[in-house]
Every structure is written in structure tokens, then in C-alpha cells.
Amino acid sequence: MQKIEQTQLDAHFHRVASERWATLLATGKTVTWEAAKAYLEDRSRGQCSRKPLARKSKR
């Protein structure tokens, strides 16, 4: 039973990743690692922090 559940979870993970990648390619917007890291560190310390805004990539 665990193998079936893991296969379903993997399929869901890949579906979500593909959707997010398609959005990134379509909009060109992403969140920098520095902004994401700062947000996650603040949240882990229990601080209220705004989610970082997605911006056009410089690449």
C-alpha cells in the first residue's frame, strides 16, 4: 500500500512542479532565493512577514 501512496504523491509533486514551471516561463516572474530565505527564516522565528513578491527575472 505504501508504494501506491508514494507513487501518487510523486505524481502530484511533479504535476505541481510542471504547473509552476509553466507559470514561470509564461510570466518570467520569480522570487529570489534571498527573499524566499529571509521570509522562511522570519516565519520560523514566529515573526509575521509578508510573502516576497515575484518579480521579472534578470536573466
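## The largest pocket

Lining the largest pocket of this predicted model are Thr30, Thr32, Ala35, Pro52, Leu53, Arg55, Lys56, Ser57 and Lys58. A pocket here is an open set of points on a 1 Å grid over the protein atoms alone, where a 1.4 Å probe fits, with protein on both sides within 12 Å along at least five of seven lines; lining residues have an atom within 4 Å of a point. Its volume is about 180 Å³, counted as the space filled by probe spheres set on the points.

## How the values were taken

Residues are numbered from 1 along each chain as its sequence is written, and side-chain values use heavy atoms, without hydrogens and water. Local features need pLDDT of at least 70 and side-chain atom pairs 80 or more, while totals for chains, interfaces and linings use all residues.

## Overall fold

Let's step back to the whole chain. There are 2 helices and 2 strands (DSSP runs: H or I of at least four residues for helices, E of at least two for strands), in the order α-β-α-β. With a radius of gyration of 16 Å over C-alpha atoms, well over the 10 Å from the globule rule for 59 residues, the chain is more spread out than a compact globule. That rule is 2.2 Å times the number of residues to the power 0.38.

## A salt bridge

The whole structure holds 1 salt bridge (a side-chain nitrogen of Lys or Arg within 4 Å of a carboxyl oxygen of Asp or Glu). Asp42 pairs with Arg45, and their closest N and O atoms are 2.7 Å apart.
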